[in-house]
Each structure stands twice: as structure tokens, then as C-alpha cells.
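Welcome to a short walk through a protein model. Have the sequence and the 3D view at hand, and follow along residue by residue.

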Amino acid sequence: MQYISSLSGICASFPRRLALLGSTGTIGGSALSVVRESREYFHVYALAGAKNIQKLAQQANEFTPPYLAVLYEQDIPQLKSLLKPGYSPVILHGKQGYKEISSLPEVDTVLSAQVGASGLAATVSAVNAGKHVALANKESLVLAGAYIRSLAYAKNAAVIPVDSEHYALFQCLAPHTNTAQNVKNLILTASGGPFHGKSREFLHHVGIEDALKHPNWKMGAKITIDSATLMNKGLEVIEACHLYGISLEQVDVAVHPQSVVHSLAVWQDGSVTAQLAVPDMKLPICAAFSYPLMLTQKNNSMPSLDLTAQILSFEKPDRTNFPCLDLAYQAYRDNLCIELNAANEIAVERFLAKEIAFLQIPQLIEAMLNQAAKLDRLSLAAGTPDKVLQQIEERDIHIRTIAKTWQAPLT
């Protein structure tokens, strides 16, 4: 087992200058809450907010970073009109703008919190610039994990996961980096989502509103649907293989409805190390920003964990009714992770657009993996960042095009 980076690239000084990519999303909002509570430790140097111009303007007026980025150039005049008098930041746009923000020389730490495959280019740019990367965009490792591993070592970049499960594993494993061979396997916990324990007959009739009602976490629509299908856990399994340099067979999943135990490491002697915390994304975000320092909680913004308040339970995932988990394992084995992610993103989009039913999400993904099995496999072990990104984008677009027109077989 070998962690994705040596951690020697961690910025040692404070305050740390932050570039927050995906600042208007759920993770970005939590990150800014962390900054508000610890302004002596963190300074917002850049914000990137895609299409939510109103919210980005509010954030920019509060934190006044010298750099902003949006997805579309035509939104820049509106953003400028919403900024307070006397505040004139540099405003970048598009994929190139995000890449520039993630590699600014003045920035120490980059939060990669864009949704889906769109976050890959900026993540690679940040790693290539040797940044301390707080990684919330798991798709970056799903799409290009081996390449990012090699790039992180070459550029002395530090990659710290923001996923609650993977930061939990990081906390469990970090003190034992010199004895990594003693790790037997890792266990990722899953809440089970809103349909935990439900029958297949029930799943035939669920709608968008049902799937978006996560019992424990407040998240964006895409990741909430992924949680409902268990694809989110499948993507995290792939992420674990790349983050910790372990085999697929060493990563297990356990359903833990209370979302208190975030993940566990099992050692060769049979003992288990677990990380427990309240389900609040501010904790892993703050920890990733400040590592190796652990900041003291302020203003009681996060409740302490009360182990007597509930019974903690664990069970095996329902792989029959939620086959997306096994599809992720299959995709990793077959080197089809780019195709898996592309198919899943289109499947979720089509479900949210009411074009397909909930149970047709895994059907679409499986059909795309079968299509992709006929294609040549990509080798991304070497090459410049631009070349690697081009290869991934071409394969990604190919699968998305097919997935957009997929029709469920008649039953």
C-alpha cells in the first residue's frame, strides 16, 4: 500500500491561500463556512462558481478574492454588475480559466469540488503545479487515478481527500505510513441512501423527489442520486484503490445507516481502526485544508459526537437491487472507468429529466460498459497533461453520445 503522494508537498505556513473550485455548490458552501470560522488560518484567493452567478457574486463580495472564474464568457458582464463598488477582480472563464485559477502561483491550496468529469482538468492542473489539493471531485481519480498518482509524485503535490469516507481512512492510515504492509483491507461505509432496505417492487415506482431525500447528508442532486443507486460508493471504491495504492480485492463496503463510522482499516492481526464523527462535511474540509495541523473547533459550530445517542449497525450492501456497486467493480477490473463515469453521469441526467426510471440507471450503465468492451483500452500512464486530458475527453464524449440515445429494452 502506498499513498497517492508523499505529503512532503504540504504547505507549512498559515494563513493558507485558497482557490475554491465549485464554490457555489454544497461542498464549496461548507468550505466557506470553514473559512469564516478560521480567518486567521485561511484566505480566499480565488473562487470559481460555474453558472450560479448570483451566488458567486455574493461570495465574492464577502471574501473579495482577486480572482474569479465562471463557466461561460457571456456571464462575465452580469457578474461584474453584481460586484460591489471598488472591487474589480480578474475574471476568467471556461475550462482554461479554471485551469489558470488552480495553478496560480500565489495559491497554496486548491479545493477541487466541481461536479463529475468536468472537474478533472482543473485537478490535473493543480497537481501539475505542485499544489496542496483538497480533493472532493472523486471523478478525477476514477478517470485518471494512475496518471494523477504519478504526476503527484513527480511534482511533489499533496492530495488530501475531502470525501468523508476517504478522509476517515486517511486519518486511520496516516500514523502508519511506515507499516503500510500491515493493512489487510479497507472498509468504506455507506448510509444506504434513501432506499435502504426497500424492495425491488418499491424501487419500480420511486420518483426524483424520493431519490433526492438523503437521510443523513445535504448534498447536490448528482451525488445524492449516486448515493441512492450506490454508484457513489462504487466510485469511492475506485478512488480508494488510487489514493492508497491497494488492490480492488482489498476494498470492501458495509452499509452503516447512521453515518457515524465513516470508514475502517482492518489490519493483518485482525484488529480494526475506525474513524467516527458527526455527518458534517465541514470536518473533513477543514482537516484537508489545515493538514497536518488539526484546528480547534470554534463557536460550537459542529456538535460533538454522542455515542450513547444511538445504536450503530452494519450490514452487507444489497447488490441485487443496487447493482451499480458491482458495475463499478467490473469497470475497474476491465479498465473501463472513463466509460463507467460517462454512462453514469448521463443516466443521472436522464433520470432527473424524467427520461428514464430509477431502475433503468444501472441498465443504461451496463449497456454502455458492454459497448465499451468492444473498444481499445486507453493507456494513460504517460504523456503531457493536455494529451492525457484529450484522450479521456474523446472517450468520454463517445460514450455520452451513445448513452443519450439509449432506449430501455421492452419487457
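Let us begin with isoleucine 346, which touches Arg400, Ala403 and Lys404 when residues up to four places away in sequence are not counted; contact here means heavy atoms within 4.5 Å. This is a predicted model, in which local features need pLDDT of at least 70 and side-chain atom pairs count only at pLDDT 80 or more, while totals for chains, interfaces and linings use all residues. Residues are numbered from 1 along each chain as its sequence is written, and side-chain values use heavy atoms, with hydrogens and water left out.

Isoleucine 346 sits in helix α14 (residues 337–352). Helices (H or I, at least four residues) and strands (E, at least two) are DSSP runs, numbered from the N terminus. Is isoleucine 346 buried or exposed? Isoleucine 346 has a relative accessible area of 1%, so it is buried. The word buried means under 20% relative accessible area, exposed means over 50%, and partly exposed lies in between (1.4 Å probe, protein chains only). From isoleucine 346 to leucine 305 there are 41 residues in sequence and 38 Å in space, C-alpha to C-alpha.

**Salt bridges**

Side chains of opposite charge can pair when their charged atoms come close. A salt bridge is counted when a side-chain nitrogen of Lys or Arg is within 4 Å of a carboxyl oxygen of Asp or Glu. How many salt bridges does a search of the whole structure find? The search finds 16, and the table lists some of them, including the pair that contains arginine 400.

| Pair | N to O distance |
|---|---|
| Arginine 36 and glutamate 62 | 2.7 Å |
| Arginine 350 and glutamate 355 | 2.9 Å |
| Aspartate 396 and arginine 400 | 2.6 Å |

Take arginine 36 and glutamate 62, which meet in a salt bridge. Arginine 36 belongs to helix α1 (residues 26–37) and glutamate 62 to helix α2 (residues 53–63), so this pair ties together parts that are 26 residues apart in sequence. Both partners are partly exposed: arginine 36 has a relative accessible area of 38%, and glutamate 62 has 36%. Arg36 and Glu62 are also linked with Arg39 in a network of salt bridges.

Aspartate 396 and arginine 400 are four residues apart in helix α16 (residues 385–404), so about one helical turn separates them. Aspartate 396 is buried at 10% relative accessibility, and arginine 400 is buried at 14%. Arginine 350, the partner of glutamate 355, is buried too, at 7%.

**A sheet of four strands**

Next, find the open sheet with the strand order β9-β8-β10-β11 and mixed pairing. Two strands pair if DSSP finds at least two bridges between them. The edge strands, β9 (251–255) and β11 (272–276), each pair on one side only. From one strand to the next, the twist averages 20°. Helix α11 (residues 231–244) packs on the sheet, where it touches β8 and β9, and its direction makes about 150° with that of β8. For such angles, axes are lines fitted to C-alpha atoms, for helices over the stretch in contact, and angles run from 0 to 180 degrees between N-to-C directions.

Strands β8 (residues 183–190) and β10 (residues 261–267) run antiparallel and are joined by five bridges. Valine 183 has tryptophan 267 in β10 as its bridge partner. On the other pairing, β10 and β11 are also antiparallel, over five bridges, and leucine 264 is partnered by alanine 274 in β11. Four residues lie between the strands in the hairpin of β10 and β11, where glycine 270 takes a positive phi near 95°.

Strand β11 also holds leucine 276, which is partly exposed at 34% relative accessibility.

**Some backbone details**

Most residues other than glycine have a negative phi, and most peptide bonds are trans. Which bond is cis, with omega near 0°? The peptide bond from phenylalanine 14 to proline 15 is, and proline 15 lies in the segment before β1 (16–21). The bond from tyrosine 291 to proline 292 is cis as well, with omega near 10°; proline 292 is in the loop between α12 (282–290) and α13 (324–333).

Asparagine 156 has a positive phi near 55° and sits in the loop between α6 (139–155) and β7 (158–161). Asparagine 335 has a positive phi of about 55°, in the loop between α13 and α14.
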